[in-house]
Amino acid sequence: MPDTIEQITVAPIPARHWTELGRNAYTPEGLGETRTEWLVRAHTSGGVESYVNAKHTVAAEGGSIARLEADLREVFLGREVDSLLEVSSGHAVAAGSEVRAALTAWGWMDILAVDLVSRTRGQSIGALLGRRRRDRIPAYESTTYFQDLLHPQRGLAELVAHACRGFAHGFRQFKIKVGRGGRAMTPSAGLHRDIDAVLAIRDALGPDVKLMVDANFGYDDQPENLAEFIRATSPARLTWLEEMVTASVEGYRILRELQATHCPETLLVAGEVDGNPPSGAFVDLIKQQLIDGYQPDIVRIGLLRWKQLETRLAARSILPIPHNFGNGRFGLIAGLALATSLDSWVSLEDERICPNVYADDELTLVNGAYQAPDGPGLGIQVDDDAYARIGAPNEVVIRA
Ligand SMILES: [Mg+2]
């Protein structure tokens with residue numbers, strides 16, 4: 001009897017950051033504490049259950065739960081699990097022909113298909129996508145927003161204390177939001193706070209942690225301040241500079257020159273606003289190697305397609321580095337699964353969502369790295385008691 005998908009449920013699950021987050025270069029207000037995961041649970045006739053966070057459909061422009069329900073009915077309900085992916089010699093090589101267009105358009109569908117097939121076959125995702133290449137997955141703390149502006153009476157001290165708490169929780173890599181000048185502060189006050197933030201966090205956490213910065217385009221139209229930021233933070237030996245300016249060949253030529261002059265070991269990275277295949281200015285940035293790392297979102301791209309992206313980028317010596325902010329607790333789990341399967345791995349973005357609906361207490365961070373679950377599939381289960389409390393009251397059930 002082929003295993004078919006006979007019931008799907010959808011429920012909104014609160015996803016709480018470990019603490020309140022301030023704003024970044026473009027948000028008008030702080031991010032606050034809570035987001036939403038749209039948890040899809042797909043049950044098969046063989047008793048397998050798979051999961052995904054479908055927020056990219058619900059939160060998309062024109063998105064809704066009705067749209068999500070219609071998509072799930074069309075692509076998954078009643079379908080044989082074996083038809084979702086083309087598997088050759090035990091490895092997934094492509095999306096199944098009947099669902100290829102859908103899985104290409106929606107990365108979360110790709111993740112659900114990969115989870116279903118790997119659980120049904122009893123394989124880990126690393127094994128299904130090629131070979132399990134690593135068990136310990138380095139991750140970076142990605143919640144150092146403009147915490148100083150959230151608590152202005154403490155200012156820089158609050159920012160440093162925020163990073164120190166992350167260090168005490170086990171992180172050894174930190175991304176710091178910069179780009180205050182323009183919207184959050186005046187250009188010159190913002191520049192100096194950005195520089196002070198980087199140098200003070202480096203001073204507090206010591207020489208061995210990795211520090212990155214992300215300006216969310218906050219240095220657009222400020223060439224002198226951009227140059228001064230890169231020059232003044234060079235003693236901090238940043239691992240990467242992310243989205244310092246909007247993607248363009250001219251902008252990145254200038255950035256490349258500054259980086260080559262002041263911090264040649266620092267990577268230039270961008271791409272969370274883009275996808276797979278790369279589009280617009282990113283095509284030229286990749287072709288001309290004006291970036292060193294390309295960062296689309298894991299749940300927007302999907303796991304199988306991320307493997308294809310890795311191959312494409314490797315031809316240009318560009319690292320794929322996953323964006324994973326906004327994907328909830330599920331994003332952490334999916335990111336760990338993806339990391340086990342890739343040839344090259346940099347670091348997983350961790351937005352630090354507290355445990356919510358998954359039985360994943362084992363996901364603890366030790367010396368800056370998570371132990372990846374070893375499957376089958378994503379290697380995690382929904383906790384029935386937690387789901388009964390926070391998922392079931394708002395659940396939509398989809399069956400034939
Ligand atoms: Mg970013």
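Predicted model: local features only at pLDDT ≥ 70, side-chain atom pairs only at ≥ 80, totals over all residues.
Let's begin with the core. The largest nonpolar core holds 115 residues. Val 40, Leu 112, Ala 113, Val 114 and Ile 291 are the ones with the most contacts inside it. As general background, nonpolar side chains in soluble globular proteins tend to be buried together.

Let's pick out Val 114. Leaving aside residues up to four places away in sequence, Val 114 touches Leu 85, Ala 92, Ile 125, Leu 128, Leu 303 and Leu 304.

Now to strand S7, which spans residues 173-177. Is S7 mostly covered or mostly open? Mostly covered: five of its five residues are buried. Gln 173, Lys 175 and Lys 177 point one way from the strand, while Phe 174 and Ile 176 point the other way. So you can find Lys residues among the buried ones here, along with Phe 174 and Ile 176.

What about the neighbours of S7? Strand S6, residues 136-144, runs parallel to S7 and is joined to it by two bridges. In that pairing, Glu 141 stands opposite Phe 174. Strand S8, residues 210-214, also runs parallel to S7, with five bridges joining the two. There, Lys 175 stands opposite Met 212.

Finally, helix H8, residues 187-205, makes a right-handed β-α-β unit together with S7 and S8.

Note on methods: Residues numbered from 1 in each chain as written. Core = buried A, V, L, I, M, F, W, Y, C linked by C-beta atoms within 7 Å. Buried ≥ 20, exposed ≤ 12 C-beta atoms within 10 Å, placed from the backbone. Contact = placed C-beta atoms within 7 Å. Helix = DSSP H or I, 4+ residues; strand = E, 2+ residues; numbered from the N terminus. Pairing = 2+ DSSP bridges. Right-handed = clockwise from strand over helix to strand, strands pointing away.
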